[in-house]
Amino acid sequence: MAPVRRLVVDVLKPHDPPLLEFARRTGDVEGVEGVSASLIELDNEVQNVKLTFEGETLDFDDIEATVERLGGTIHSVDQVACGERVVEDRPTHQDR
């Protein structure tokens, strides 16, 4: 089975832990070589964030379990890259 090398997820999380700590702790998941976290929306009770994970062999279940331990919920998987290398998105005729 092809390894997952990039995973982009939409997460709803409480304000605590703060985004910096949330990113650091999800970045500690085995197989994660890097994570970026972007705040998408903020309200009085929760934050909507986009997390992008990269690594040689990402395990979705481990990532999801860590997000949930931190009080978050994965709402959607927005991008997945699998295989021997990550294929970067390129504009196509359909994107016009």
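## Glu 33 and its surroundings

The side chain of Glu 33 reaches the backbone nitrogen of Glu 56 at 3.4 Å, a polar contact in the sense of a pair of N or O atoms within 3.5 Å, where, within protein, one must be able to donate a hydrogen and the other to accept it, and where residues adjacent in sequence count only if both atoms are side-chain atoms. This is a predicted model, in which local features need pLDDT of at least 70 and side-chain atom pairs count only at pLDDT 80 or more, while totals for chains, interfaces and linings use all residues. Residues are numbered from 1 along each chain as its sequence is written, and side-chain values use heavy atoms, with hydrogens and water left out.

Glu 33 lies in the loop between α1 (19-27) and β2 (34-42), and it is exposed, with a relative accessible area of 60%; exposed means over 50%, buried under 20%, and partly exposed in between, with a 1.4 Å probe and protein chains only. Apart from neighbours within four places in sequence, Glu 33 is in contact (heavy atoms within 4.5 Å) with Glu 54, Gly 55 and Glu 56. The C-alpha atoms of Glu 33 and Val 8 are separated by 14 Å, with the two residues 25 apart along the chain.

## Strand β1 and its partners

Strands pair if DSSP finds at least two bridges between them. On this basis β1 runs antiparallel to strand β3 (residues 46-54), to which nine bridges join it, and Val 11 has Val 49 as its bridge partner in β3.

Strand β4 (residues 73-82) also pairs with β1 in the antiparallel sense, over eight bridges, and here Asp 10 has Ser 76 as its bridge partner.

## The chain as a whole

Two helices and four strands make up the assigned elements of the chain, which follow the pattern β-α-β-β-α-β along the sequence; helices (H or I, at least four residues) and strands (E, at least two) are DSSP runs, numbered from the N terminus. Of the 96 residues, 32% count as buried, and among contacts with a separation of 6 or more, 72% come from residues 24 or more positions apart.

The C-alpha atoms fill a box of roughly 40 × 35 × 20 Å, taken along the principal axes.
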